[in-house]
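Subject: Structure handover

Hi,

Here is the structure I promised you. Please open it next to this email and follow along.

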Amino acid sequence: MKLNLKNLSQLPAPVERPAYQATSTTQGIVHIGVGGFHRAHQAFYTDRLMNRGEGLDWAICGAGLRAEDRKARDDLAGQDYLFTLVELADTPDTEVRVIAAITGMLLAEDDPQALIAKLADPATRIVSLTITEGAYCIDDSSGEFMAHLPLIQHDLVHPDAPRSVFGFLCAALARRRAAGVAPFTVMSCDNLPHNGAVARKALLAFAALGEDQALHDWIAANVSFPNAMVDRITPMTSNAHRLALHDQHGIDDAWPVVCEPFVQWVLEDKFSNGRPAWEKVGVQFTDDVTPYEAMKIKLLNGSHLALTYLGTLAGHEFVHETMNDPLIVDYIRQYMDLDVTPQLAPVPGIDLSDYKATLIQRFSNQKIADQLQRVCSDGSSKFPKFTVPTIDRLIADGKPLDRAALVVAAWALYLQQPADVRAYTIVDPRADFCRELVSDDAKLTERLLGVEEIFGKTIAQSTEFAAAFERQLRNLRTLGVQGTLHALRGNGR
């Protein structure tokens, strides 16, 4: 059965259907970057609220700035913007739900003025983002906005036909200011530290480059940028997922989303123009997201990165296969317990021991079949956020470095793509640059660790870390993953 509004009432009983009419909602949110995570997270929470008969004026209009967003728009539009969310757990029960919180999508490529008008519409009160870390155009080493990027330079010259997210936001906010309309809140849902502060920094830096300094000052004074901690493992939708949905539930969905049952959203309650009552459906609002953010980024994302390159080098395809290896599980537990946890401040309402045990369970979920390639992607952007701060602190405190050095060594060998490992594709905007860094073994340590925008300054200056890195890289090459982990456990480092 084709998924659409006409067929919604005919879906089989186990499939949960919206308790509201999508046609009776009002779009109060524009979300830039509709993908699997947004649909399994923010749209999921918004749908839960609407199913209570509340928040019907907070429906979501998607927005796509990239050429590849066209297929997403076409797939969703072909089924009245409905999609199926499938929660996968290591139990016989699988929750399947149709979500109707997204009610339209605009493509910048088709009509940039239409998107600017939508953002400027007084009904739009929140603009949310999942645009990936790199799209914020902040240099990881200097912390400065990269104004030289061609995309940014284009938008400065052509403010009425922007291509970047900041060009669109500024154009819309300029219209709202001129019309006396209150600004929208810019709400980042990307997985990076202090995501709201990063969005604010980038937008203000872009606005400062324009001719209207008063617009910059108005944004600084009136637009809110709440920080958020977001969490839900959401693998890429595969053809197997679509076929399983068809075979098990009789639903023909061009773009379903699969995810784990676990979901978390901790959000600062700083909104300039109202917000949905998401706290009624499980969102935790706080004055300061920092401790939650540090816990998640250092423990979950840092551990994910620690296991993903080792798993790939060991010949695995999925995260759960990697977690079937007791040596890797033991390594991850020690990394979390000995290297990361001592660096964390207390997290209100969270028992860190329970949280870490839950992470092991989540990583081990075989039903989710999370691809290592997905977690491996964009390593050059992930290391500065998820791993380097932990290493810097270990160096500063004079702590053992080998466990953390193994994370970097595994990435270095992964970039070299050893011939004896199953074939894989390196997915990274800077893939060629990264491969070049490890192309000469004689200069590898100096060239790789010396890249300041990835590893900062502390690591490059630490002879102890360089020695630990070379030790672990040598072990991986001569002993393999299993032998390296045996040696690491045996020497107590």
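Start with one definition: a residue is buried under 20% relative accessible area, exposed over 50%, and partly exposed in between, using a 1.4 Å probe and protein chains only. This is a predicted model, so local features need pLDDT of at least 70 and side-chain atom pairs count only at pLDDT 80 or more, while totals for chains, interfaces and linings use all residues. Residues are numbered from 1 along each chain as its sequence is written, and side-chain values use heavy atoms, with hydrogens and water left out.

Helices and strands below are DSSP runs, numbered from the N terminus: helices are H or I with at least four residues, strands are E with at least two.

**Backbone**

Look at Asp 378. Its phi is positive, about 55 degrees, although Asp 378 is not a glycine. Find it in the loop between helix H14 (372-376) and helix H15 (379-386). Asp 378 counts as partly exposed, because its relative accessibility is 21%.

His 194 is also not a glycine, and has a positive phi of about 50 degrees. Its loop runs between strand S8 (185-188) and helix H7 (195-209). His 194 has a relative accessible area of 33%, so it is partly exposed.

**Cores**

A nonpolar core is a set of buried Ala, Val, Leu, Ile, Met, Phe, Trp, Tyr and Cys residues joined through side-chain atoms within 4.5 Å. The largest one here has 129 residues. Which of them touch the most other members? They are Trp 265, Trp 278, Phe 383, Trp 411, Leu 448, Phe 455 and Phe 469. Helix H17 (residues 402-416) gives the most to this core, 12 residues. Another core lies apart from it, with 40 residues, among them Leu 115, Leu 119, Val 198 and Trp 218.

Now zoom in on Trp 278. Contact means heavy atoms within 4.5 Å. Neighbours within four places in sequence aside, Trp 278 is in contact with residues including Ile 29, Gln 42, Tyr 45, Met 187, Trp 265 and Phe 285.

Is Gln 42 buried or exposed? Gln 42 is buried, because its relative accessible area is 1%. Its side chain makes a polar contact of 3.3 Å with the side chain of His 31. A polar contact is a pair of N or O atoms within 3.5 Å; within protein, one must be able to donate a hydrogen and the other to accept it, and residues adjacent in sequence count only if both atoms are side-chain atoms. Leaving aside neighbours within four places in sequence, Gln 42 is in contact with Ser 128, Cys 189 and Trp 265, among others.

**Salt bridges**

A salt bridge is a side-chain nitrogen of Lys or Arg within 4 Å of a carboxyl oxygen of Asp or Glu. The count comes to 29.

One of them joins Glu 54 and Lys 280, with the closest N and O atoms 2.7 Å apart. The pair links distant parts of the chain, 226 residues apart. Glu 54 is partly exposed at 24% relative accessible area, and Lys 280 is partly exposed at 42%.

Another joins Asp 110 and Arg 70, with the closest N and O atoms 2.5 Å apart. Asp 110 sits in the loop between strand S6 (102-107) and helix H4 (112-120), Arg 70 in helix H3 (residues 69-77). Asp 110 is partly exposed at 44%, and so is Arg 70 at 26%.

Glu 279 and Arg 275 also meet in a salt bridge, 2.8 Å from N to O. Elsewhere, salt bridges that share partners join Arg 70, Arg 73, Asp 74, Glu 109 and Asp 110 into one network.

**Cavities and pockets**

On a 1 Å grid over the protein atoms alone, a cavity is a set of points where a 1.4 Å probe fits but cannot get out; a pocket is an open set with protein on both sides within 12 Å along at least five of seven lines; lining residues have an atom within 4 Å of a point. Grid points are joined across faces, edges and corners, and a volume is the space filled by probe spheres set on the points.

The whole structure has 2 cavities of 30 Å³ or more.

Helix H6 (165-179) is among the elements that give two or more residues. H6 gives the largest share, 6 residues.

Best wishes
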